[in-house]
Amino acid sequence: MEKEEVRIALAALIGEELPELGEVDMEKNIITEYGINSVSIIRLIVAAENKFEIQFTDYELALDEYPTFGDLAAVIKYKLDKKED
């Protein structure tokens, strides 16, 4: 899966899991711009694990690991690439 495909799929997932956010800018800070908290990010990560069939470690569930949704998309892309190896 290409980088842009991951970003599009993640944006769709955000819309499903956090519809109150509306359309999101993948490069804006998720805390200051969207009010994302630790519960919201874990909910989104669990949904991403299911959608992309990947696993995050407990350490990777921390809100401060993902300043933007683009950062989360990059981690998902990395995990997908690793899975294909």
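**View 1. Helix 1 against helix 2.** The axes of helix 1 and helix 2 cross at roughly 125° and come within 10 Å (axes are lines fitted to C-alpha atoms over the stretch in contact, with angles from 0 to 180 degrees between N-to-C directions). That's why helix 1 and helix 2 count as oblique to each other (under 35 degrees is roughly parallel, over 145 roughly antiparallel, 65 to 115 roughly perpendicular, and the rest oblique). On the helix 1 side, Val6, Ala9, Leu10, Leu13, Ile14 and Glu17 make the contact, and helix 2 brings Arg43, Leu44, Ala47, Ala48, Lys51 and Phe52 (contact means heavy atoms within 4.5 Å).

This is a predicted model, with local features needing pLDDT of at least 70 and side-chain atom pairs counted only at pLDDT 80 or more, while totals for chains, interfaces and linings use all residues. Residues are numbered from 1 along each chain as its sequence is written, and side-chain values use heavy atoms, leaving out hydrogens and water.

**View 2. The buried residues of helix 2.** Helix 2 covers residues 38-52 (helices are DSSP runs of H or I, at least four residues, numbered from the N terminus). Its buried residues are Ser40, Ile41, Leu44, Ile45, Ala47, Ala48, Glu49 and Phe52 (buried means under 20% relative accessible area with a 1.4 Å probe, protein chains only). They pack against helix 1 and helix 3.

**View 3. Helix 1 against helix 3.** Here helix 1 (residues 3-17) and helix 3 (residues 69-84) pack at about 120°, axes 9 Å apart. Lys3, Val6, Arg7, Leu10 and Ile14 of helix 1 meet Phe69, Gly70, Leu72, Ala73, Ile76, Lys77 and Leu80 of helix 3.

Definitions and conventions. Helix = DSSP H or I, 4+ residues; strand = E, 2+ residues; numbered from the N terminus. Expected span 1.5 Å × (residues − 1). Buried < 20%, exposed > 50% of the residue type's maximum accessible area, 1.4 Å probe, protein only.
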